[in-house]
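Have a look at the picture first, then read on.

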Amino acid sequence: MESEIVPKITKMTVSGKKQSMGFEVPCVIAEENGHANTPQKGLSAEDASVTSGVPEAVSKSTLSQVMQVSEEQNTVPTPVRKSGKTKPQIDVKAELEKRQGGKQLLNLVVIGHVDAGKSTLMGHLLYLLGNVNKRTMHKYEQESKKAGKASFAYAWVLDETGEERERGVTMDVGMTKFETKTKVITLMDAPGHKDFIPNMITGAAQADVAILVVDASRGEFEAGFETGGQTREHGLLVRSLGVTQLAVAVNKMDQVNWQQERFQEITSKLGQFLKQAGFKESDVAYIPTSGLGGENLVTRGQISDLTHWYKGKCLLEQIDSFKPPQRSMDKPFRLCVADVFKDQGSGFCVTGKIEAGYIQVGERLLAMPPNETCTAKGITLHDEPVDWAAAGDHVTLTLTGMDIIKINVGCVYCDPKEPIKVCTRFRARVLIFNIEVPITKGFPVLLHYQTVSEPATIRRLLSVLHKSTGEVTKSKPKFLSKGQNALIELQTQRPVALELYKDFKELGRFMLRYSGSTIAAGVVTEIKE
């Protein structure tokens, strides 16, 4: 009689304990049995270590009975698995602070007009920080001299492919990491050339802050800034993709002999424009630099022409003073795929930035739109294997249990319990940029969203909104012209994975482009189907 009752009681206490004491009881059980790390318990090693000091609330005898119960009936492990999933939350946050040695993570994108000197500036910065050793640098200098491009030596630090070096243009987003006093920076060097703007959008969509590089030499700044230049378009793009803090590196100042007048002329022109684009003046800093000479990058400039009028920060100090954005740790896991490749061994790898939530090795993930589940077998962060990663990290996941053919760039990996929505029709609030042709119903556009570029058409023009209040000023307009704020409905050719802007800021933003120029930026307000 008694032996029948006891298991039932222990069963109740386990589930009762689960509610009152978090995951302590299941965890003790798991350790008792000597497998705190088995995936079926859904517990990670961290949990075990956290709760190893659990008070002896449960006696050994009940434990052994609980073990029998869980062996006999399959009712107990389910709550255990659940608690293992919901609880590590606190743990990950604590670990996050420990991991970087108190340093915060920041994703930085470098943008600007083609040939403003972005790659050279950042390459030299990395060299001065000691991230590139002298031998490699010497090799680059020799090779670039041979190629007749002596001044491109520093740019080669970030432009690695043969074609990029031959043409002297960055084409794809180059990624590296470096550390400042208080931050760990993931640096993305975006292409400035008009043809590679889709790549630049991919880079900017993953960034928290940006450095806009402009060329100070006469005529060059104007070329980049007037219509047709990339300085304006890049500025608008990063602002629309949610970057709020900006450092403007006024580069090649050595070519104008560090004149203060030229610096002020550039900052006033840019200041007006950036204010229109929606940057706060307090969030924009201007820094005179020389990428090739290495002045004012890591240490404050020593040249007397500069020091007598410029007393501000150098580029590195400015990067260090950026405020890291709020990371969505408490939201369900989301990762946008930026690249897919086959790994040696079983499975394949995807890279991307974790937009929200966190992930541990061994977790099940759901890929949308293909709607396939798989298991995360390994996680690499900055080329080092880790057990877990959280929002804001750029990671490479090794996945098993899924076919690589089904995954393409732009898929979103999410928590199977709370999947991302997938649709072909959605409504959005958009801001129209400077456009030549008015936008009408049925207008074909390219939808750039996170790492995706999908062909889409504008299905309906619902209303024109007031810029500041958001009130409807005109419903069912016949067309939209430049500078208007409007509500439209878009239809994509293939399904895309989207979130509403109000739920996930990072996953609700997108850009619309048409025939090689950006025509609008928008946020998702309603998902149709």
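Leaving aside neighbours within four places in sequence, which residues is Ile319 in contact with?

## Inside the core

Ile319 is in contact (heavy atoms within 4.5 Å) with Leu106, Leu108, Met122, Leu125, Phe178, Thr180, Ile185 and Ile211, once neighbours within four places in sequence are set aside. Keep in mind that this is a predicted model, where local features need pLDDT of at least 70, side-chain atom pairs count only at pLDDT 80 or more, and totals for chains, interfaces and linings use all residues. Residues are numbered from 1 along each chain as its sequence is written, and side-chain values use heavy atoms, leaving out hydrogens and water.

Ile319 also belongs to the largest nonpolar core, which has 72 residues; Met122, Ile211, Val238, Val248 and Ile319 touch the most other members. A nonpolar core is a set of buried Ala, Val, Leu, Ile, Met, Phe, Trp, Tyr and Cys residues joined through side-chain atoms within 4.5 Å. Buried means under 20% relative accessible area, with a 1.4 Å probe and protein chains only. There's a second, separate core of 39 residues, including Leu500 and Phe504.

## A six-stranded sheet

Now find the open sheet, with strand order β2-β3-β1-β4-β5-β6 and mixed pairing. Strands are DSSP runs (E, at least two residues), numbered from the N terminus, and two of them pair if DSSP finds at least two bridges between them. β2 (174-179) and β6 (284-288) sit at the edges with a single partner strand each, so one side of each has no neighbour in the sheet.

Further in, β1 (residues 104-112) and β4 (residues 209-215) pair in the parallel sense over five bridges. Leu108 has Val209 in β4 as its bridge partner.

Key: Buried < 20%, exposed > 50% of the residue type's maximum accessible area, 1.4 Å probe, protein only. Helix = DSSP H or I, 4+ residues; strand = E, 2+ residues; numbered from the N terminus.
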